[in-house]
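Please open the structure in your viewer and keep the selection tool at hand. The tour below moves from one selection to the next and says what is there at each stop.

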Amino acid sequence: MTIEEQIRDIVARISRVDKSIITRESTFKDIKADSLDVVQALVAVEELFEIEIPDEVAQKFQNFGDFVSYVESKVAKAEKV
Amino acid sequence: MELEEKVSLVTGASRGIGRAIALKLASLGSRVAVNYVAIEASNKTDADDVVESIARTGGEAMAVEADVRNSEAVKAMVEQVVEKWGKIDILVNNAGINRDALLLRMSDDAWDAVIDTNLRGAFLCTKFAVRHMMRQEWGRVISLSSVVGRVGNAGQCNYAASKGGIIAFTKSVAREMGSRNITVNAVAPGFIVTGMTNKLPPETRDSLLAMIPLQRLGQPEDVAELVAFLAGERAGYITGQVITIDGGAFP
């Protein structure tokens, strides 16, 4: 599974929506994720990929695609080290 | 049994009220992680004794060492429990200390030690344990407050502040976690016979007794019964509450 698919699964499970509705352009509002859903998803993703997503960064995510891109870049960086 | 298949973590469970809670939860079928801190050697012996008592009656328990003030240690403890039993259903924030002095004589150290253990400890344990409860959409967090957290007590401004803090913490986290079917409550014991209250001079004990309509000091088992009720399925619609258990002294 790609990083994007794994994150999509997590977000869909936590927000209780069908994963097919989540596109890179979807906002958390589109997905009907409340603030606790978002935090829970962040924590789950942090644990899965063993990365840290600072709150300042997370607050700037405009949509699902921003979230995925950030995680992809962090994971790529971690792999290089 | 009511708590069959459940996994509980009780902090400060080597002695006193924590011990009684661990034994009670185990008697209802829960597997119990008995937390202690290795500050005094006797704590480990006492925790092992609780584990053995549970094993003797056919229950399952393990001793887990962690200083609840230490974030990394708490995280590791929660992971240890989840690794062994796959989950955490019930957290009892019981670990607590007191270092009494009148305000003008209270050292910074006494203030920090009590707030760190009683309040920061509950914060850290809850933070790491609820992650696992959120996933399964079932959980119970029960924290030990105290009647002095409600009414105050001369000579205990640090302890009372920590226990009042537990009440506000409980009410806030209950609001955050409701949507995940996690209930968060506090119990506020009055004068319970433990190592902490045994240090009181006899005159103080007598004057306390005179304030209690039920005319006896509480036993750790009295508190354990209440905690066990809140931990069970039957208390599923109770959250954000502080339940006083003090023989009627401070209604």
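Which pattern does chain A follow when read along the sequence? Chain A follows the pattern α-α-α-α, where helices (H or I, at least four residues) and strands (E, at least two) are DSSP runs, numbered from the N terminus. Before going further, note that this is a predicted model, in which local features need pLDDT of at least 70 and side-chain atom pairs count only at pLDDT 80 or more, while totals for chains, interfaces and linings use all residues. Residues are numbered from 1 along each chain as its sequence is written, and chains are lettered from A and ligands numbered from 1 in the order in which they are written.

**Stop one: chain A**

Select chain A, which has 4 helices and 0 strands. The radius of gyration of chain A (taken over C-alpha atoms) is 12 Å, close to the 12 Å given for its 81 residues by the globule rule (2.2 Å times the number of residues to the power 0.38), so chain A is as compact as a globular protein of that length. Its C-alpha atoms fill a box of roughly 35 × 25 × 20 Å along the principal axes. Buried residues, meaning those with 20 or more other C-beta atoms within 10 Å of their own, the C-beta atoms being placed from the backbone, make up 19% of the 81 residues in chain A.

**Stop two: the sheet of chain B**

Now select the strands of chain B, where an open sheet of 7 strands has the order β3-β2-β1-β4-β5-β6-β7, with parallel pairing; two strands pair if DSSP finds at least two bridges between them. At the edges are β3 (61–65) and β7 (242–245) of chain B, each of which pairs on one side only.

**Stop three: strand β5 and its neighbours**

Select residues 139–144 of chain B, which form strand β5(B) and are joined by 6 bridges to the parallel strand β6(B), residues 182–189. On the β6(B) side, B:Leu144 has B:Val187 as its bridge partner, and B:Ile142 stands opposite B:Asn185. Strand β4(B), residues 90–93, also runs parallel to β5(B) and is joined to it by 4 bridges, with B:Val92 and B:Ile142 as bridge partners. Are the two faces of β5(B) covered or open? Both are covered, with B:Gly139, B:Val141 and B:Ser143 buried on one side and B:Arg140, B:Ile142 and B:Leu144 buried on the other.

**Stop four: helix α4 and B:Met134**

Select B:Met134, whose place is in helix α4 of chain B. Why does B:Met134 count as buried? B:Met134 counts as buried because it has 21 C-beta neighbours inside 10 Å. Leaving aside neighbours within four places in sequence, B:Met134 is in contact with A:Gln40, B:Arg180 and B:Ile182, contact meaning that the C-beta atoms, placed from the backbone, lie within 7 Å. B:Met177, 43 residues from B:Met134 in sequence, is 8.0 Å from it in space, C-alpha to C-alpha.

**Stop five: the nonpolar cores**

A nonpolar core is a set of buried Ala, Val, Leu, Ile, Met, Phe, Trp, Tyr and Cys residues joined through C-beta atoms within 7 Å. Select B:Ile21, B:Ala22, B:Leu25, B:Val34 and B:Val227, which touch the most other members among the 72 residues of the largest nonpolar core. Helix α4 (residues 108–136) of chain B gives the largest share of this core, 10 residues. Finally, select A:Ile14, A:Ile22, A:Ala44 and A:Val68, which are among the 13 residues of another core lying apart from the largest one.

Conventions: A residue is buried if 20 or more other C-beta atoms lie within 10 Å of its own, exposed if 12 or fewer, and partly exposed in between; C-beta atoms are placed from the backbone. Two residues are in contact if their C-beta atoms, placed from the backbone, lie within 7 Å.
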